[in-house]
Amino acid sequence: MTAAESDRRLAIALLSAVAVAVVLLRLFDPATAGIFPPCPLRALTGWYCPGCGSLRAFHQLLHGNLRAAFAMNPLAVLSLPFLTYGLASYSAFAFRGHYLPRVFLPAVCIRGLGIVIVLFGIVRNFQTGFLPLLAPGGLLTLR
Amino acid sequence: MVNIPNYLVPAILVTVFCCLPTGIAAIVYAAQVNSKITGGDIAGAQAASRNAKMWCWISGGAGVLIILLYVMVGMLALLSHR
């Protein structure tokens with residue numbers, strides 16, 4: 001299999017997975033329907049990870065509830081446009097041979113992004129002060 | 001600008017959804033790709049790019065494995081409760 005062929009296959013697999021996920025997340029609410037696997041870290045340890053709440057967030061987004069989505073996982077909602085663009089860019093590369101226009105990020109920004117993800121995962125487990133706001137649904141307690 | 005993929009988007013995805021420690025390794029290599037391109041070290045950037053890709057696949061594999069294990073344990077628990 002050539003590199004171009006394997007890129008096309010991977011792109012097709014990713015796009016199909018996204019399509020299936022969109023349909024399932026539009027139809028079922030991960031907060032109540034038992035068909036989505038819970039976060040393994042949460043199930044084993046009770047701790048939230050940086051991704052916890054993202055399925056519920058995407059479900060809310062697909063129903064137009066930006067506020068509820070943001071409360072479930074602000075990081076997931078904020079990164080969704082960039083991730084979507086990344087997938088679109090990769091698909092353009094796989095099917096047409098060229099990426100979409102890209103911004104060259106300095107290395108320090110990439111490291112910073114990694115640190116933000118890890119810190120977000122840690123901080124949302126804190127139970128004191130204003131920090132529980134970052135746990136899934138925490139922002140909804142604000143009125 | 002040289003066209004060396006840094007696999008940042010898949011690295012972030014696998015960090016959040018699959019396996020955090022190995023995903024972080026992928027992000028670190030993604031950063032290394034860009035810092036080496038900036039420094040003019042093309043061979044180093046290509047090596048970092050390969051490492052970033054490898055850690056993305058390792059994290060993705062680990063994520064799938066964890067979910068499979070989880071489903072299996074869940075099924076066993078269901079069966080043993082009958």
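The predictor assigns the complex an ipTM of 0.79 and a pTM of 0.83. For chain B, the mean pLDDT is 90, and 96% of the residues of chain B reach 70 or more. Where pLDDT is low, the predicted coordinates should not be read in detail.

Chain B contains three helices and zero strands. Its pattern along the sequence is accordingly written α-α-α. The C-alpha trace of chain B spans about 65 × 15 × 15 Å along its principal axes. The radius of gyration of chain B is 17 Å, whereas a compact globule of 82 residues would have a value near 12 Å.

Two helix pairs of chain B are described here. Two packed helices are described by the angle between their axes and the distance between the axes. In the pair formed by helix 1 (residues 8–17) of chain B and helix 2 (residues 20–38) of chain B, the angle is about 160 degrees and the axes lie 8 Å apart. Because of this angle, helix 1 of chain B is roughly antiparallel to helix 2 of chain B. The crossing of helix 1 of chain B with helix 2 of chain B is left-handed. On the side of helix 1 of chain B, the contact involves Leu8(B), Ala11(B), Ile12(B), Val14(B) and Thr15(B). These residues meet Leu20(B), Gly23(B), Ile24(B), Ala26(B), Ile27(B) and Ala30(B) in helix 2 of chain B. By class, nine residues of this contact are nonpolar, two are polar and none is charged.

Helix 1 of chain B also packs with helix 3 of chain B: the axes of the two helices come within 9 Å and cross at roughly 30 degrees. Helix 1 of chain B and helix 3 of chain B are therefore roughly parallel to each other. This crossing, too, is left-handed. Helix 1 of chain B contributes Pro10(B), Ala11(B), Val14(B) and Phe17(B), and helix 3 of chain B contributes Ala52(B), Cys56(B), Ser59(B), Gly60(B) and Gly63(B). The contact of helix 1 of chain B with helix 3 of chain B holds six nonpolar and three polar residues, with no charged ones. Ala11(B) and Val14(B) take part in the contact with helix 2 of chain B and also in the contact with helix 3 of chain B.

Between the chains, 22 residues of chain B are in contact with 18 residues of chain A. At least two residues on the chain B side come from each of helix 1, helix 2 and helix 3 (42–80) of chain B. Helix 2 of chain B supplies the largest share, ten residues. The side of chain B that touches chain A comprises 17 nonpolar and five polar residues, and no charged residues.

Chain A has six helices and zero strands. Read along the sequence, the pattern of chain A is α-α-α-α-α-α. The C-alpha trace of chain A spans about 55 × 40 × 30 Å along its principal axes.

One helix pair of chain A is described here. Helix 1 (residues 3–27) of chain A packs with helix 5 (residues 74–96) of chain A at an angle of about 145 degrees, and the two axes are 8 Å apart. Helix 1 of chain A passes helix 5 of chain A in a left-handed crossing. From helix 1 of chain A, the residues in contact are Asp7(A), Arg8(A), Ala11(A), Leu14(A), Leu15(A) and Val18(A). From helix 5 of chain A, they are Leu87(A), Tyr90(A), Ser91(A), Phe93(A), Ala94(A) and Phe95(A). The residues of this contact divide into nine nonpolar, one polar and two charged.

Technical notes
Residues numbered from 1 in each chain as written. Chains lettered and ligands numbered in written order. Predicted model: local features only at pLDDT ≥ 70, side-chain atom pairs only at ≥ 80, totals over all residues. Axes fitted to C-alpha atoms, helices over the stretch in contact; angles between N-to-C directions. Helix = DSSP H or I, 4+ residues; strand = E, 2+ residues; numbered from the N terminus. Parallel < 35°, antiparallel > 145°, perpendicular 65-115°, else oblique. Left-handed = near helix turned anticlockwise from the far one by under 90°. Contact = placed C-beta atoms within 7 Å. Nonpolar A, V, L, I, M, F, W, Y, C, P; charged D, E, K, R; others polar. pLDDT = per-residue confidence, 0-100. Rg over C-alpha atoms; globule rule 2.2 N^0.38 Å.
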